[in-house]
Amino acid sequence: MAKNDLIGGALWEQYSDKVSSRMDEPKFRGEITEAQAEAMGARLVVADWGAEACGDAVRLYWAVEKGTDKILDARFKSFGCGTAIASSDMMAELCIGKTVDEAVGITNIEVEHALRDDPNSPAIPPQKMHCSVMAYDVIKKAASLYKGVDMSSLEEEEIVCECARVSLRTIRDVIRINDLKTVEEITNYTKAGAFCKSCIRPGGHEKRKYYLVDILRDVRKEMEKEKMAEVSETKDFKTMTVVQKLKQIESVLEAEIKPILAQDGGSMEVVDIKEEDGSTIVYIHYLGACQGCPGATAGTLMAIQQFLNEKVDQSIQVEPV
Amino acid sequence: MQKVYLDNNATTIVDPIVKEAMDPFFTQIYGNPNSLHDFGTEPHPYMRLALDRMYKGLNAPDDSDILITGCATESNNTVLKGVYYDIINKGKRNQIITTPVEHPCVANTAKFLESIGAELKILPLNEDGIVDQAMLKRFINPDKTALVSVMWANNETGMVFPVKELAEVAHDNGALFHTDAVQAIGKIPVDVRDANPDFLSFSAHKFHGPKGVGGLYIREGLRLTPLLHGGEQMGGKRAGTVNVAEMIGMGLAMELAVQNLEYELTEVRRLRDKMEDALLQLDDTIVVGRRELRTPNTILVSIKGVEGEAMLWDLNKNGIAASTGSACASESLEPNPTFVAIGINKDLAHTGIRISLSRFTTEEEIDYAIGVFRSSVARLRKISSTY
């Protein structure tokens, strides 16, 4: 890839002939008037999406047959670049003949495929893919106007990457299932982030609600937490980390040993623990009355060790320091 | 189909005289100027002549340096990073002041230096879309500012910055002053003795010289840690074998640029104004920045309802090369800071088209371009959902 990346900039060379010709002479540019729709026995729907300030704005006109919900005619107008105009034109064409519900299923990916000269070569370069998303969104808008419902009710899932239409759920799943660690891996698995790259991290072409870097970080954190919870629940002392071992030993000492020592005015603390030849050495330091007590290096010590061997693990040895 | 090149702020045609002057240095006089033998010394007089032309072109004193670099990007990096190594990194002053409209080779270098410890202050623009003396006075810090870097003229709008006044403020506050003069040379007078910058960067291909060669003026007595470490070329101030042919081309191109300055300020300006007036006759068009504050060759026009890249497409179909002011293809959708500063509605941020002429632009080309603009604007406004 590197060699092909070194001389950049030639966006337009990567447009298919269909994109170019529809940019030069869009077939469905224009509008449908109230009277024209009426003459067809259809209801006129006019939907706007985007804004000039964002660099892309499109208006879609539908004449929808009353009773059948069938789109008899579609026209568009667009403030946008060549890709936006060509994909709006193709989108309008694809709407015609479909019912409103069927039209809602048209995605920007379908529009892009329809603009290909041959099925295996993309119609537009990856960084222009986001310009085709408008054409998809405006269909949703038109359908919501027609049905008198909120647009969000037509969207089943939260979309993270508009260009490749990858949902939040898909991205979260793919990270978990494949144990993905980098954004590049997410892109390789899902195509999310492969096109305009806005959804990778803040500061890209468009502001997004979700960014891949954040999703990855959050999911990895969740996975890490779950792993930790799993480990601390396991009874297998040998697979624990040193800190987990220390915590378990201390909790047993706290609950079972210290109350007994306290009856005689003594106490103890763990100074350190060390792994050696498959056993865990617990260094303890006596406090209070235990200090200097003869039992501290004999009976008491034995008792503590036995207790830990029973309650925690056989491999534990206790050494006073 | 007629071809008209109106993107001279991106690059320019090499003046055929310049090309001819460079020619012998590829196959005839090709020695390494650092070699001791005759092949090595043969290019020396030509190199001296090239330097003479550049020193004269900038009115630079002989005691100052004009380093030959690979491009203005290298020159600008040398200044910013040199100031970082020599001043900021030594715990002296730590602040770099610049503007929101610098070329990426200044803006991104400054951001990089911020990421490794420099403090970066980006000045706001005034209502004319430039930085003035009062603005710099307000933000400069006499104890902290190490470098003020302000372009002489802006590539997108052609707006000319008052570098002489700004250099004065920088110096009054103990800071160094750098100007990226890439878009100024050959378009407006550039005199380092008058403007008094400490560093000035330029690039040959913006004034009808070849690509791949640039220059860096450094005031007498100043020395920067080099960007490139290596041999002792250019008095040890810029390592790497000198690009002899292009250096010679740049020297001649600079001389020609200065000789043609009067033509640029009158005839190129006249053609520019003719084009600008014609564009302003179309409904709902705005040209960014007051005419008298701009380089004489540049127009940044906003055409309501017509997206910039779509307009470029139509111009290109008709053989005309121009550029978008706020590129849709660029990564960020943030509007051009000049648009914001001079109060242009943010809806127009994606409608900018930059037209930049040169002394090679003809009246016939301008007339043709005006016709194409009229028909393309009409076509695209018919498609537009916002017009």
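Is D284(B) buried, partly exposed or exposed, and what is its relative accessible area?

Reply: Happy to take you through it. The model is predicted, so local features need pLDDT of at least 70 and side-chain atom pairs count only at pLDDT 80 or more, whereas totals for chains, interfaces and linings use all residues; side-chain values use heavy atoms, with hydrogens and water left out. Residues are numbered from 1 along each chain as its sequence is written, while chains are lettered from A and ligands numbered from 1 in the order in which they are written.

D284(B) is partly exposed, with a relative accessible area of 45%. Here buried means under 20% relative accessible area, exposed means over 50%, and partly exposed is in between (1.4 Å probe, protein chains only). You will find D284(B) in the loop between α11 (261-281) and β9 of chain B; helices (H or I, at least four residues) and strands (E, at least two) are DSSP runs numbered from the N terminus. Although D284(B) is not a glycine, its phi is positive, at about 55°. As background, most residues other than glycine have a negative phi. D179(A) sits in the loop between α8 and α9 (183-190) of chain A, and is partly exposed at 35% relative accessible area.

R290(B) forms a salt bridge with D128(B), their closest N and O atoms being 2.8 Å apart; a salt bridge is a side-chain nitrogen of Lys or Arg within 4 Å of a carboxyl oxygen of Asp or Glu. R290(B) itself is partly exposed, at 41% relative accessibility. There is also a network of salt bridges linking R272(B), D273(B), E276(B), D277(B), R291(B) and R294(B).

Another link in chain B is the salt bridge between E255(B) and R53(B), with closest N and O atoms 3.3 Å apart. This pair joins helix α10 (residues 244-259), which holds E255(B), to helix α4 (residues 44-58), which holds R53(B), across 202 residues. E255(B) is partly exposed at 25%, whereas R53(B) is buried at 19%.

Two further parts of chain B are worth a look. Q95(B), in strand β3 (residues 95-98), is buried with a relative accessible area of 4%. Its side chain makes a polar contact of 3.2 Å with that of E119(B). A polar contact is a pair of N or O atoms within 3.5 Å; within protein, one must be able to donate a hydrogen and the other to accept it, and residues adjacent in sequence count only if both atoms are side-chain atoms. Then there is α5(B), which is largely enclosed by the rest of the structure because 13 of its 15 residues are buried.

Finally, the neighbouring chain. Chain B and chain A bury about 2,500 Å² between them, 57% of it on carbon and sulfur atoms; buried area is the accessible area (1.4 Å probe) that two parts lose on being put together, summed over both. The contact (heavy atoms within 4.5 Å) takes 29 residues from chain B and 28 residues from chain A. Between the two chains there are 3 salt bridges, including K128(A) with E309(B), whose closest N and O atoms are 2.5 Å apart. Across this interface, 16 residue pairs are in polar contact, with both residues at pLDDT 80 or more. On the side of chain B that touches chain A, α12 (308-317) and α14 (363-383) are the elements that give two or more residues, and α12(B) gives the most, with 7 residues.
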